[in-house]
Amino acid sequence: MIKNDYIVAIEIGSSKISGSIGIHTVSGIRILAYASEPVNNFISKGVVRNVDETGNSLTSLINRLEAQLENVHIEKAYVTFGGMSMHSVKSTVVKEFDSYTKITQEIIDEIALENESTFKAPEGYLKIQVVPLEYKLNGDINSMPIGIPTCSIECRFLNIIIREQYIKQLQESFGMAKIEIADSFNAARIEAEYILNEEELGAGTALVNIGADTTTVSIYSNRLLRKITVIPLGSANITKDLCSEQITLAEAEQMKIFKGYNSSGNDNSSVPTNILNDVISGRMSEILQNTKNQIENSGENIGRIVFTGGGSKLKNLEAIIEENLPNYKTRIANDIKLSFIHSEELPITTGSITPTLLGLLSKGNENCCEEEILTPKDTVVPDSLFADEEKFETETPQPVPDKKESNYDKGKNNNSPKKKPGAYSKFKDIFSVWIDGITEEEESNANRTEEEL
């Protein structure tokens, strides 16, 4: 049996937790399983609020993913981080030399280690990622300093930090689900790799993800992430505002999605069209003005804004964007084309596999699952390949299982417990069954009469 390296990706969002299992092939990522679970407010603004509820939701998600694959047990997963607990802080390290010195990779590594030791995250925060920016040598800015002689070098870094308590709560929830976190990634950076084109990455561009509870602003220039910040406002605020018009949360959500902004006519809705337009325009304008403020305070020359996320799908959002951000070139990334392979039986709909999930699957390089190999309970394993003939005559040989019949189904039929063998025992089991097949076939031929042959 060929052992696959199964990559498991889990995206923690404010409205749902999504997960998928995939494998790397020569044709790209093949997705084998997908599932999602609503969070029902136990995750708010991207932060785990209720550890137990999050753990139960993760357990349910894992069970649903495992049910789509036979004999596969998930042990670890690649996970995204984000939400209100995350932002970035810049730092600088200067290294001087007694004389002109050619910059080497060893010097760059030493500077990175110095930043690691000298930069201290604020109290209650953890540094989870460091992004090297540019280097200043001989008065010039350079992104490739190796090989350049200089008397001093100034290195700039972007340190991404997150609240320590959030990480602890997330780890505890995964611990409840008995899932190890193989690695974690910044969701905004993974998204940018799929959404921003080469021109946008090179020029000054802000990627703005309007989520349910938060809006994440990531600023890029010269292909580097320059700043990341999270605004505590999202499209769910529109829904809550509409509820003040004495309608249910479900009604408000339906109106927001299906009518959107600048709808015309009176269709006997619970909320008049003019009030709906005012609510959507007011709240979205607040989000866009906060976004503009973050861009202007970044110190970067930003001329483009690309919008993504669930909130960016609001009908006629372009009109509100034009009103609030007239001096920027903008686009809404609603037509993201993600390339992956999957079977038609998978419960995948438009937007199910997000850039974040696909990015996690692509970056995963460690097998996340234990693949169980079951053997029939009643397989005969002789004590010796040279057991006496009489013994073989009195015992009924057991055939090697038909490959068309699932060993997993056999295990279910006889109610035998599933065993999780290690790498050595798996090889031993396969070898034993193979030897049995050969021995029993030779035995059968030896016991046949001349006439039968």
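Colleague: How do helix H6 and helix H8 cross, and which residues make the contact?

Modeller: Please keep in mind throughout that this is a predicted model. Two packed helices are described by the angle between their axes and the distance between the axes. Helix H6 covers residues 236-243 and helix H8 covers residues 273-296, and their axes come within 9 Å of each other while crossing at roughly 140°. H6 is therefore oblique to H8, since an angle has to be over 145 degrees to count as roughly antiparallel. The crossing of H6 and H8 is right-handed. On the H6 side the contact is made by Asn237, Ile238, Asp241 and Leu242, and on the H8 side by Leu276, Val279, Ile280, Arg283 and Met284. Sorted by class, the residues in this contact of H6 with H8 are six nonpolar, one polar and two charged.

Turning to the sheet, there is an open one of five strands, with mixed pairing, whose order is S15-S14-S13-S16-S17. Its edge strands are S15 (224-231) and S17 (329-332), each of which pairs on one side only. Neighbouring strands of this sheet are turned against each other by 15° on average, with direction ignored.

Two single residues complete the account. Ser173 has its place in helix H3, which runs over residues 164-176, and Ser173 counts as buried because its relative accessibility is 0%, where the cut-off for buried is under 20%. Apart from neighbours within four places in sequence, Ser173 is in contact with Val48, Val51, Thr54, Gly55 and Leu58.

Thr80, for its part, lies in strand S7, made up of residues 76-81, and with a relative accessible area of 3% Thr80 is likewise buried. Setting aside its neighbours within four places in sequence, Thr80 is in contact with Ile10, Glu11, Ile12, Phe185, Ala187, Thr356 and Leu360. As for Gly359, which stands 279 residues from Thr80 along the chain, the C-alpha atoms of these two residues are separated by 9.9 Å.

Conventions: Residues are numbered from 1 along each chain as its sequence is written. This is a predicted model: local features need pLDDT of at least 70, side-chain atom pairs count only at pLDDT 80 or more; totals for chains, interfaces and linings use all residues. Side-chain values use heavy atoms; hydrogens and water are left out. Helices (H or I, at least four residues) and strands (E, at least two) are DSSP runs, numbered from the N terminus. Buried means under 20% relative accessible area, exposed over 50%, partly exposed in between (1.4 Å probe, protein chains only). Contact means heavy atoms within 4.5 Å. Two strands pair if DSSP finds at least two bridges between them. Axes are lines fitted to C-alpha atoms, for helices over the stretch in contact, and angles run from 0 to 180 degrees between N-to-C directions. Angles under 35 degrees count as roughly parallel, over 145 as roughly antiparallel, 65 to 115 as roughly perpendicular and the rest as oblique. A crossing is left-handed if the near helix is turned anticlockwise from the far one by less than a right angle, and right-handed if clockwise. Ala, Val, Leu, Ile, Met, Phe, Trp, Tyr, Cys and Pro count as nonpolar, Asp, Glu, Lys and Arg as charged, and the others, Gly among them, as polar.
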